[in-house]
Amino acid sequence: MIKALELFSGIGAFAEAARKRNINVVAAFDQDSRANLTYAHNHGLQATARNLDTITASELPPADLWWMSPPCQPYSVRGHQKGLNDPRSRSFVNLMGHLKEHKPRVFMLENVCGFMGSDAHALAMKTLRELGYENHIIERSPADFGVPMRRPRLYLVATADGVTYTNSKTAATPSIVLKDFVDESYPDELIVAQRDFEKYAPSLHIVRPGDVDAYATCFTSGYWKSYRASGTFIEVDNGKIRRFSPDEIVALMGFSATFAFPEQLTLQAKLQLAGNTVDVRSIEYILDGLSNLN
Ligand SMILES: C[S@@+](CC[C@H](N)C(=O)[O-])C[C@H]1O[C@@H](n2cnc3c(N)ncnc32)[C@H](O)[C@@H]1O
């Protein structure tokens, strides 16, 4: 069984992808207690509540594979693109410093496409090359798998000790339409208030799920409160619009039908966690490209 660490584990997109493969997540780390509650609820592992800015190499158990999806705000076009000067990059820098001691056979990182060419990208490439890794950059979006959602993301995959990576062919998928992901029943809280609708509607991405070419854009953790470039809205009856529900978002992101948020979390918390997560199909695609890992 391949041992993996899930760093910045959130609600466990990596654990979702690993479950169907010969990969055992031996430890997960995140500082958000709501994420850790959701992780334990679904993956049978208590993620460690720890600020990764200061975690030491000895606190990380040995593993064959490291997966990490560090905060993307330092590299996102929506942020100020301060890169390594952004305090939210500290955890990433700290963990890169521990690679030498641990030297997992596979290192995988997910981030926004703006990560490419950043000082953090340069630091990762330098560190990995000096340690003898072979590096691959892959861009994937749920849309590549026939899912009506556009969320392109960058994946850095580094392999060592005989492990290799090759892009696999994306299996042709039957076209899935947005309607397949939309529930008939939803909480009233998801409906946008009339005054907000009047103020923001012209700048929103609003879809009619019945349209065959309707697609969802990238949801963000600010989707529950923000109207600017934070995600797609659905037209409902009576000329109203509503937000997607957390369950609809994670289904679009490839989480299994058995995945569930703990009841005690608020709708806001669920939307934040769902907006922060990673496309499971993209992780599966990359895991399937690894050879000689057993
Ligand atoms: C982009 S999200 C990753 C989501 C996750 N991969 C998933 O599958 O849902 C970043 C995560 O990193 C966590 N995080 C951010 N900074 C952190 C830090 N310094 N220490 C620990 N966790 C941190 C956040 O709580 C958030 O869950």
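A charge sits over a ring if NZ of Lys or CZ of Arg is within 6 Å of the ring centre and within 35 degrees of the ring normal. The model is predicted, so that local features need pLDDT of at least 70 and side-chain atom pairs count only at pLDDT 80 or more, while totals for chains, interfaces and linings use all residues. Residues are numbered from 1 along each chain as its sequence is written, and side-chain values use heavy atoms, with hydrogens and water left out.

**Exercise 1.** Determine which residue lies over the face of Tyr186, and at what distance from the ring centre.

Solution. Arg242 lies over the face of Tyr186, 4.2 Å from the ring centre. Lys103 is likewise placed over the face of Tyr133, at 5.2 Å from the ring centre.

**Exercise 2.** Classify the pair formed by the rings of Phe92 and Phe115.

Solution. Rings of Phe, Tyr and Trp (its six-membered ring) pair if their centres lie within 6.5 Å; planes under 30 degrees apart count as stacked, over 60 as edge-to-face and the rest as tilted. The structure holds 12 aromatic pairs. In the pair of Phe92 and Phe115, the centres are 6.0 Å apart and the planes stand at 90 degrees, so the pair is edge-to-face. Both Phe92 and Phe115 are buried, that is, under 20% relative accessible area with a 1.4 Å probe and protein chains only.

Notes
Buried means under 20% relative accessible area, exposed over 50%, partly exposed in between (1.4 Å probe, protein chains only).
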